[in-house]
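Student: Could you show me how to read helix packing and strand pairing from a set of coordinates?

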Amino acid sequence: MWIMWSKCLKQRSKDKDEDVKLVERAKANDKKAFEEIVNKYQQRVFDLCYWMLFCEFNSEDAAQETFIRAYKGIKKFREDAAFYTWLYRIAINVCKDIIKKKERSMEKVFSEIEKEMEVKTEDTLSIEEILLDQKAVDAQDALRKKELREIMQRCIARLSEQRRALIDLIYFKGLKYKEASFILNLPEGTVKSNLVRSLQMLKKCLEPYLQKGEI
Amino acid sequence: MINCEEVKLELFDYITGRLDPSLSEKIKEHLKICKDCQKEEKELKSLLSLLDTVRSPEVSPNFVQKVMSQIESKKRPSLTQKLIEKTSVLFKWPFPALATVALLFLMVFISYNLFTPEKELVPKKMEIITVSPITITPAKPQTVLSDLKEVVNSYGGKILKREEIPQGIKVTLRLNKEKESSFIASLKSLGKVEIGKDYKDKDGNIIIILTKKNS
């Protein structure tokens, strides 16, 4: 179920203490310390890039570029903000650069092909996937769950990249609105209203299923 | 008293435990008596539990290594940097050094024009250096190669090369351009497909990576 706020607060306070020491060492050219930072934040940075770009292949490149930029600029980092907010802000900027490049390139043509793929191919579920889904009572249940997951993914894809990033930062990472406002460079009030609007949009997209009580 | 509009605005924070206890208590009391808001709460909880199923994929196992080796390679001084270091004499004694360099250039220019026969200027063929291939995370890793071969054959294509790389197996294949989009669409039957920006090499062959990771 959903991540509880208090649990997130504890985790973040632990992160902050650890980060201060690691960043201090990394600033003094300790490469081992920076490696520990990469190890600690690799999945979190990748997740943020994935939510922003919604593409696994580009997300890994974006996450790598984030850490490289962080390494180059770590001496400029001032401790008045939490290290992870600074790191996530770099990730957002890297993703924005990728999106800009994509818009200029042939990516639109490929997204058309992908749309075509969605229409042409039937939704099938492999035996392995059915067996892996422990919660599924039977194959039909697993198929229905997979179908709902895919509908959800399509609904998320309709949100803007900034709103998708917001869902990751606030819901999955459990960040404060103030922290998300720094990362996305938006006023705090806008962050909250954007999140509420995004959830309403998702709800509207899933309305037929929510009303039928399928979820 | 708190009204429905206010409750709806705070519902996400209420469910995820972000609110201070007094406001949380007010919402709790309101929910006991308001059917509309109860429905909203139920729908939002369903939406969030469905959102939990759309987790991003795992970052690749050698991610840290990749980042650190990129940092390492960028840290080594490049050829131009070395050249600048070696030519630092220019900055210490600029006039004699510049005069020597100018004289050398003049000598090379004259000898080149005297002894080299005239040539026609032919523009070099542009080469796309970076290839971001089509990546397939197979549903059935054991049979994916033979399955891919079957798909390629059915579209009248030919597998030219197959090689082991750290991410999995790299397959180079040739296919009629007209059949390309429907061929790519059919790849979905083999597993999860990610389409790269430039999935063709300089000879126009399609590059596919069959990853080891089974999602």
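The dialogue below takes up a helix pair and then a sheet.

Tutor: This is a predicted model, in which local features need pLDDT of at least 70 and side-chain atom pairs count only at pLDDT 80 or more, while totals for chains, interfaces and linings use all residues. Residues are numbered from 1 along each chain as its sequence is written, chains are lettered from A and ligands numbered from 1 in the order in which they are written, and side-chain values use heavy atoms, with hydrogens and water left out.

Student: At what angle do the axes of helix α1 and helix α3 of chain B cross?

Tutor: Two packed helices are described by the angle between their axes and the distance between those axes. Here the axes of α1 (residues 4-15) and α3 (residues 35-51) of chain B come within 10 Å and cross at roughly 30° (axes are lines fitted to C-alpha atoms, for helices over the stretch in contact, with angles from 0 to 180 degrees between N-to-C directions; helices are DSSP runs of H or I, at least four residues, and strands runs of E, at least two, numbered from the N terminus). That makes α1(B) roughly parallel to α3(B), a term for angles under 35 degrees.

Student: Which residue in β5(B) is the bridge partner of B:Thr135?

Tutor: The partner is B:Ile209; three bridges join β1 (residues 134-138) to β5 (residues 206-211) of chain B, and these two strands run parallel.

Key:
Angles under 35 degrees count as roughly parallel, over 145 as roughly antiparallel, 65 to 115 as roughly perpendicular and the rest as oblique. Two strands pair if DSSP finds at least two bridges between them.
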